[in-house]
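Biologist: Please show me the model, and then let us go through some of the terms used for it.

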Amino acid sequence: MRNNNAVACFNRQIAAALTKRALHNAHSFRALPCRWLLVFLYIEECVDCVSLFSTRFSSVHGEKPSAEYAKLRKESLESEFGNALTSRSKRLSMYYSFGPFLALYRAAYISYEVFKLTLGHFFIHDIKKRSEKFCDTLIRLGPFYIKDQIPPFSTKVAIRSIESQLGAPISEIFADISPEPVAAASLGQVYKAHLHTGELVAVKVQRPGMSLYLTLDALLFNMIGGQLKRFAKARKDIIVAVNETVRHMFEEIDYILEGQNAERFASLYGFRDSQQEDTYPKEKWVKVPKIYWNYTRKAVLTMEWLDGIKLNDDAALRAADLNRKELIDKGLYCSLMQLLEVGFFHADPHPGNLVATKEGALAYFDFGMMGDIPRHYRVGLIQVLVHFVNRDSLGLANDFLSLGFLPEGVDMQLVSDALKSSFGDGTRQSQDFQAIMNQLYDVMYEFNFALPPDYALVIRALGSLEGTAKTLDPEFKVVESAYPFVIGRLLVDPSPDMRKILRELLIRNDGSVRWNRLERLVAAISEQSSNTSGEGDKDAKKPSTSPLEGNSFDMHAVVAATEDLVKFILSDKAFRVRLFIIRDIVKVADIFLQDQVTSCMFDENLEPRFTVESEGHATLKRVVNGLFYFWQAVKMAPEAWTAMMIRMALNPEIHRFYFDIVSALFLHSNRRIPDTMWICLSRFLHKLVKS
């Protein structure tokens with residue numbers, strides 16, 4: 001017994017040494033004798049051996065990303081403040097030349113208002129009156145301090161502004177106009193009117209003095225930010241944050257830019273009749289109001305009037321017989337298209353800017369706050385989602401570095417450990433965006449996270465999207481709901497970075513395969529393909545108009561993604577993946593040869609014995625289900641799968657891999673089969689005697 005233990009220990013040491021040496025040279029894997037390979041496979045403590053492949057040192061998926069883009073973007077924004085003002089008008093350029101004096105004037109005015117509020121605390125004890133005073137003060141201070149529905153300004157002032165901007169009396173411009181605004185916010189208010197040609201329009205009029213107020217506050221905050229950065233050693237990105245805010249605020253008061261944004265949004269997501277039906281869905285479920293450019297200027301915007309139902313109006317939604325889930329799916333699909341595929345997105349899709357029409361479409365309004373993120377950031381968003389779902393803390397840390405969240409020189413392993421701790425025990429994984437952000441806040445503060453340029457709007461858009469969807473479904477989870485769309489993008493996009501993310505979804509950093517996730521992916525492909533082909537119950541109900549349910553996987557794209565994945569597994573840098581695949585195949589074969597499984601062949605009472613929940617049974621069930629789902633997918637495009645299999649069969653690398661698998665199975669079975677045969681023979685004789 002002692003000798004056996006010594007031999008086992010010796011074998012483990014040699015196996016570890018050979019495996020470690022093989023890890024440094026991928027080609028040496030093929031030089032390993034099959035018996036030594038099996039020694040590695042036989043080790044019961046193989047999980048401990050996996051520490052040799054720890055993500056702390058390397059990953060089978062390749063190099064770490066770079067944060068160069070975020071760095072250059074920040075540098076450009078730090079010097080963008082003056083341009084944000086001087087490029088607007090000559091008047092603002094004049095304000096900018098007296099910047100310090102105007103900033104001091106604005107600071108004195110704000111201090112005076114704050115001082116009055118402070119005194120009010122001593123003389124006004126009614127909390128309601130104090131809150132009203134506080135709200136009135138914020139309204140007087142302007143849009144930097146309040147962005148909400150506030151009391152409208154005078155209609156006479158609005159009409160004078162319209163006439164001044166359009167250069168004609170109001171009676172010559174509109175056949176009629178509502179005597180009071182139908183909506184009012186911090187930057188402007190909306191009137192309902194008719195053109196002389198009969199069209200019903202919405203007229204958006206800017207509040208007087210917006211440019212001046214924004215300029216004064218921009219100068220003040222830029223001065224404060226600069227002083228904090230210089231003397232208080234504040235974070236370096238404070239000026240970037242100020243400049244980003246200033247830029248977006250000035251964009252919101254430029255109604256010509258808003259009209260251009262609306263038309264660009266409509267061309268990308270509006271799915272109008274002029275677009276090809278084979279490119280976009282036939283359902284026109286995203287509506288954008290038409291812009292009337294003859295009646296639009298920098299402070300006046302005239303657009304098509306669209307009637308809609310507020311998403312938080314339960315009674316109206318029920319009366320219109322609108323499917324709440326389909327409305328959520330439509331909004332989510334359009335938002336994911338914006339954020340993950342195209343890059344031009346509506347940054348504020350709250351219930352006031354997104355309504356449902358009686359036909360079941362979604363109408364978007366207010367295109368003043370828009371974002372435009374590059375492909376690098378869009379890929380980064382997908383990568384963050386995949387790494388979060390995989391609980392890959394090191395991958396998530398690398399994502400944050402790549403996107404510019406982390407400062408240079410930070411210890412990535414410390415960040416990874418902190419993120420791993422924030423995940424908890426993993427028993428309950430939150431799919432709620434706000435909960436995820438709360439989960440990461442402590443880590444952000446600890447490592448001096450910096451919100452990269454353009455990403456503030458992305459986070460705002462995701463938060464607004466989730467908040468809007470929760471008005472229809474309180475249980476809505478944006479991350480969980482976005483996951484199928486992300487999978488579809490990974491399968492369709494053949495670019496190297498997306499293929500890399502797909503591999504990370506299915507293969508761990510140490511090389512082991514996530515078989516349960518692969519099974520779910522193949523099942524989803526099989527199910528959606530079957531639904532698309534019309535298989536199943538003929539009496540099934542009418543297909544859903546939901547874009548998330550209606551969009552099936554492109555089978556040719558699935559075949560291409562599968563071929564790329566197989567090529568990666570056969571490559572030199574994936575030798576660890578092949579090691580784990582061989583180990584898992586041997587484990588599955590071993591299950592077939594175990595006493596519990598083989599005994600079922602000779603037991604009349606098959607059903608009770610085989611339904612016992614065990615790891616072996618779960619593995620067998622997964623293999624059978626996976627093969628069934630795969631066969632269903634193959635039937636949807638047999639010519640594409642056949643061509644791919646022929647190409648793979650001609651690859652010499654796969655011949656070597658087949659040989660390794662067969663050798664491992666043969667040597668492993670050489671020890672197991674005799675025992676299994678005697679057990680089966682014994683049970684068979686026992687059954688004969690008994691009968």
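Modeller: What follows is a set of questions on cavities, a sheet and a helix pair in this predicted model.

Biologist: How many cavities of 30 Å³ or more does a search of the whole structure find?

Modeller: The search gives 6 of them. The largest cavity has a volume of about 440 Å³.

Biologist: Which residues lie nearest the centre of the largest cavity?

Modeller: Leu381, Val384, Leu385, Phe433 and Leu462 do, out of a lining of 23 residues. Two or more lining residues come from each of helix 16 (324-342), helix 17 (375-389), helix 18 (393-403), helix 20 (433-446), helix 21 (455-472) and helix 22 (478-492). Helix 20 contributes the most, with 5 residues.

Biologist: What makes strand 5 and strand 7 edge strands?

Modeller: The open sheet has 4 strands in the order 5-10-9-7, with mixed pairing. Strand 5 (286-287) and strand 7 (309-310) each pair on one side only, and are therefore its edge strands.

Biologist: Why are strand 9 and strand 10 said to pair?

Modeller: Pairing needs at least two bridges. Strand 9 (residues 354-356) and strand 10 (residues 362-364) have 3 bridges, in the antiparallel sense, so they pair. Ala356 has Leu362 in strand 10 as its bridge partner.

Biologist: Why is helix 18 called oblique to helix 19?

Modeller: Helix 18 packs against helix 19 (residues 412-423) at an angle of about 120°, with the axes 8 Å apart. Roughly perpendicular covers 65 to 115 degrees and roughly antiparallel starts over 145, so helix 18 is oblique to helix 19. The crossing of helix 18 past helix 19 is right-handed.

Conventions
Residues numbered from 1 in each chain as written. Predicted model: local features only at pLDDT ≥ 70, side-chain atom pairs only at ≥ 80, totals over all residues. Heavy atoms only, no water. 1 Å grid on protein atoms, 1.4 Å probe; cavity = no way out; pocket = protein on both sides within 12 Å on 5 of 7 lines; lining within 4 Å. Points joined across faces, edges and corners; volume = space filled by probe spheres on them. Axes fitted to C-alpha atoms, helices over the stretch in contact; angles between N-to-C directions. Parallel < 35°, antiparallel > 145°, perpendicular 65-115°, else oblique. Left-handed = near helix turned anticlockwise from the far one by under 90°.
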